[in-house]
Amino acid sequence: MLGLPENITTCLFDMDGVITQTAKVHDAAWKEMFDGFLQDWSKAHGEPFKPFDPVADYDDYVDGKPRLEGTASFLESRGIKLPGGEESDPPGKQTVYGLSNQKNALVQQVIERDGVQPYEGSVRYVHAARQAGLRTAIVSSSANTAAVLKAAGVEDLFEVRVDHQVAEEHHLKGKPAPDTFLQAAKMLGADAANAVVYEDALAGVAAGRAGKFGFVIGVDRVGQADQLHAHGADVVVQDLAELLP
């Protein structure tokens, strides 16, 4: 049923890139923020400017991770050490918080200006899952999860939401750790073995495998099927509609 093993009772969906077409918004925001910072950094330190790669750097260092961890991970890959700063740091300040806040501000600007489009195939799939009696949750590292779901008109499709705020409240580690998915399963009263994870990010697929979930489905929006399989996906599709009967 719906491309799932018979023992599955619970569906845990990532948001950006799986349910909503916001992964490209995040990618563009990361690039704009990091390229501006890197240009200033290269001038100040007499180093050549190497821009943020919206494919390789995005996949390897930021996709699917909490914003602060993504910022720190990419900076570390370039050998750049910045102070952590404070949560109240203004966008653009040369701290991990400052850069992260700038990225978030850019994302919010685009969402407010352009709105959010869901993936039609994913919406049909979630409706089918609910009609089949499966439980549903959204699991995202985004602090804007509630706003994005509402803007896309899909907030009522999910019984449980585990987002940045919930992760902070429960002190959950971000993906590739499985903590947020495990929390969502717990909130729905399901064992990991009876839950399926749907992810487009390599870190998210790795989290699904690390949590020993019953099934992990990779959603390949950018041509990385082999990598999704390598990180632990049992099945990889380009759209969840492929799994509908």
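User: Where does lysine 212 lie in this model?

Analyst: Keep in mind that we're looking at a predicted model. Find α9, which covers 202-210, and then β5, which covers 215-219. Lysine 212 sits in the loop between α9 and β5.

User: Is lysine 212 buried or exposed?

Analyst: Its backbone is worth a glance to begin with: lysine 212 isn't a glycine, yet it has a positive phi of about 55°. For the surface, the relative accessible area of lysine 212 is 66%. A residue counts as exposed over 50%, so lysine 212 is exposed.

User: What about leucine 2, buried or exposed?

Analyst: Leucine 2 belongs to the segment before β1 (10-13). Leucine 2 isn't a glycine either, and its phi is positive, about 55°. The relative accessible area of leucine 2 is 8%. Buried means under 20%, so leucine 2 is buried.

User: How are two packed helices described?

Analyst: You need a pair of values for that. One says how the axes are turned and the other says how far apart they are: the angle between the axes and the distance between the axes.

User: How do the residues of the contact of α1 with α4 divide by class?

Analyst: On the α1 side, the contact includes Val25, Ala29, Trp30 and Phe37. On the α4 side, Leu99, Leu106 and Val110 are among them. Sorted by class, the contact has 9 nonpolar, 2 polar and 2 charged residues.

User: At what angle do α3 and α4 pack?

Analyst: Helix α3 takes in residues 67-77, and its axis is 9 Å from that of α4. α3 passes α4 in a right-handed crossing. The angle between the pair is about 115°.

User: Which residues in α3 meet α4?

Analyst: Start from the α4 side, where the residues include Val96, Tyr97 and Asn104. By class, this contact has 6 nonpolar, 4 polar and 2 charged residues. From α3, the residues are Arg67, Leu68, Thr71, Ala72 and Leu75.

Definitions and conventions
Residues numbered from 1 in each chain as written. Predicted model: local features only at pLDDT ≥ 70, side-chain atom pairs only at ≥ 80, totals over all residues. Heavy atoms only, no water. Contact = heavy atoms within 4.5 Å. Helix = DSSP H or I, 4+ residues; strand = E, 2+ residues; numbered from the N terminus. Nonpolar A, V, L, I, M, F, W, Y, C, P; charged D, E, K, R; others polar. Buried < 20%, exposed > 50% of the residue type's maximum accessible area, 1.4 Å probe, protein only. Axes fitted to C-alpha atoms, helices over the stretch in contact; angles between N-to-C directions. Left-handed = near helix turned anticlockwise from the far one by under 90°.
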